[in-house]
Amino acid sequence: MTALVVARGLERIYEVRRGLFKEPGRLRAVGGISFALAAGETLAVVGESGCGKSTLARLITLVEKPTGGTLALDGVDAVNPPAGARRRLRRTVQLVSQDPYGSLNPRKKIGAIVEDPLAINTKLPKPARAGQAIEMLAKVGLGREHYGRYPHMFSGGQRQRIAIARALILRPQLVVADEPVSALDVSVQAQVLNLFMDLQQELGLAYLFISHDLAVVRHIAHDVLVMYLGLAMEQGPKEKIFGRPLHPYTQALLASTPGLGRRSSHGMPKGELPSPLDPPKGCVFSTRCPHVAERCREERPPARLIDGREVACHFAERFLAS
Amino acid sequence: MALLEIENLIVAFPSRTATGRAVDGVSITVAEGESLGVVGESGSGKSLTMLAVMGLVPYPGQLTVDRLRFKDRDLTRLSGRERRRLAGKSMAMIFQDPMTSLNPCFTVGFQLVETLRVHEKMDRKAARRRAIALLEQVGIPAAESRMGAFPHQLSGGMNQRVMIAMAIACQPDLLIADEPTTALDVTVQAQILQLLRTLQRDRGMALILVSHNMDVVAETARRVAVMYAGQIVEERDTAGLFGTPQHPYTAALLAARPEHRESARLATIPGAPPGLNDRPPGCLFGPRCSYATLRSCAAQPEIRPWMDGRIRCHYPLGDPDRNARIAADGLLGAKGVP
């Protein structure tokens, strides 16, 4: 079976102006990410702010073009799509964004918001569109009476349901969810996470689920990709990564997450994220790593396959043994 | 002796049609050197309660309280001037978003020195020395050079450290931290919580930690109060509350955390919290509670002592004959709120 999404060495570099006469800086927001994602599966991307996870979402949703690497959606080249395929490609992938307040137009009714993708992408007449919208609203747990209401009349959780309905109305195969529950309260977050999982089962959707919350990720993901300064630190099946993290950064993230029960003060990273404009020369995590050695500062570790997952650390074997 | 006593605090927001109580009869006591956690979902009134203690209730909020005492002084009788002398000195508060609570037009050093000059009457030199020492204490590297930095030149974690340095500058007896780590990344969050714990322990300072994250509170506070729709529904020892929650709302909140469940469906609470002006009659959690009865939907339960703390529920989960009483009162179950 071929995967629905195949990314190879995906890269996005921004040029940042630093002054009138200075060379523009090169900011590597995403620096060579590879993964494959099959239908019905969830790949969770975790990392702190500034690690490039949202830029990755923009690349996968075809909002932005990568500056390097390849991306195939459903077997079709998505970076330079064959003539006429671009429109169809865009329909296969949809985005659910973080902020349920900012992502819905306050001057449009819910019905119009959910129908818009149909109006743009299909030639369906209005009554058929309305029918589909009501059907989709029912799927996300909203009733016919909500069709004519405005976004301000809904709570955060309900708005996120509306955003999900809008994303699903074109029957995409891949949904990219960028921090979809981090703005929600715990009890509502649980409702929306359950909805995500139900819809995946029912429609066979693939999710690229971006989150900084490891607890949420452990709940919903099949595979996990841990990013730091635009690079993959560790990626592989969830059980492997949460069971025995082999990269010091993954270990640090787990140790820092309250409630995951492996809290310890050693192994906690020192300091904060270095500037992505001026990343460390060797391993990007070397400035904060509690296990740093001379070699880490000089030589960037390549990703290696160890114990069923890929790790970019010179000393991963050491953690496997201990 | 109690450091802070609040009895029956009500903060109401009048509108043309109704007067909604955002904080509805909250009583809290904090002893010296104690750490109390306050958890609740957004809109539960937890931040507003703390703002009321600081004397910062936003207009047009109306505050009524039976008793509001800090260090044996009646806060309701203080003049504005006396109140300001207290706030920032003996009681200090850290806010959620460090980027918006620091003044962007002044360097962090200036803002820190200002606090010391106003409250401690220090001269310029002494205040500057002390400010640098404070920045070092909260773990800011190269503290001396950071004195001249503006907030936008520092990261969120660094700004939050500056806020903490400012809050502890005058050695307060009570530090209120309102969601101090919500805007920060997890690794930085862990560092900040560690810092707050150390400060609280080493200085014998009382700490009130307000958060929506149950796990953040669990590892920082000794005692926890759970708020819902402006009321405290359960207040107990941390271990007891997390081990054997007694209020159905606490139990449901704990079960909804994805931290403690793998791959199976998450437990959810039907509906959403009631809005300010559409509180149900009877128990405020009643419409979402799976144990709601005719009685709890009609009569609001009073808060009363229970186990090692207090609870606001007709049928606490640890009550041996609750099932019989629920059956006798006529079980309705959760109807949810649209």
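How many residues of chain B are in contact with how many residues of chain A? In this predicted model, 31 residues of chain B are in contact with 29 of chain A. Contact means C-beta atoms, placed from the backbone, within 7 Å.

**Numbering and confidence.** Residues are numbered from 1 along each chain as its sequence is written, and chains are lettered from A and ligands numbered from 1 in the order in which they are written. Local features of this predicted model need pLDDT of at least 70, side-chain atom pairs count only at pLDDT 80 or more, and totals for chains, interfaces and linings use all residues.

**View 1. The side of chain B that touches chain A.** Helices α8 (186-203), α9 (214-218) and α11 (248-255) of chain B each supply at least two residues. Helices here are DSSP runs (H or I, at least four residues), numbered from the N terminus. The largest share, six residues, comes from α8(B).

**View 2. Helix α9(A) against α8(B).** Helix α9 of chain A spans residues 248-256. Its axis lies 8 Å from that of α8(B), at an angle of about 50°. Axes are lines fitted to C-alpha atoms over the stretch in contact, and angles run from 0 to 180 degrees between N-to-C directions. A252(A), L253(A) and S256(A) meet V186(B), T187(B), Q189(B) and A190(B).

**View 3. D116(A) in helix α3.** Helix α3 of chain A, residues 110-121, holds D116(A). D116(A) counts as partly exposed because it has 16 C-beta neighbours inside 10 Å (buried is 20 or more, exposed 12 or fewer, with C-beta atoms placed from the backbone). F209(A) is 93 residues from D116(A) in sequence and 24 Å away, C-alpha to C-alpha.

Note on methods. Two residues are in contact if their C-beta atoms, placed from the backbone, lie within 7 Å.
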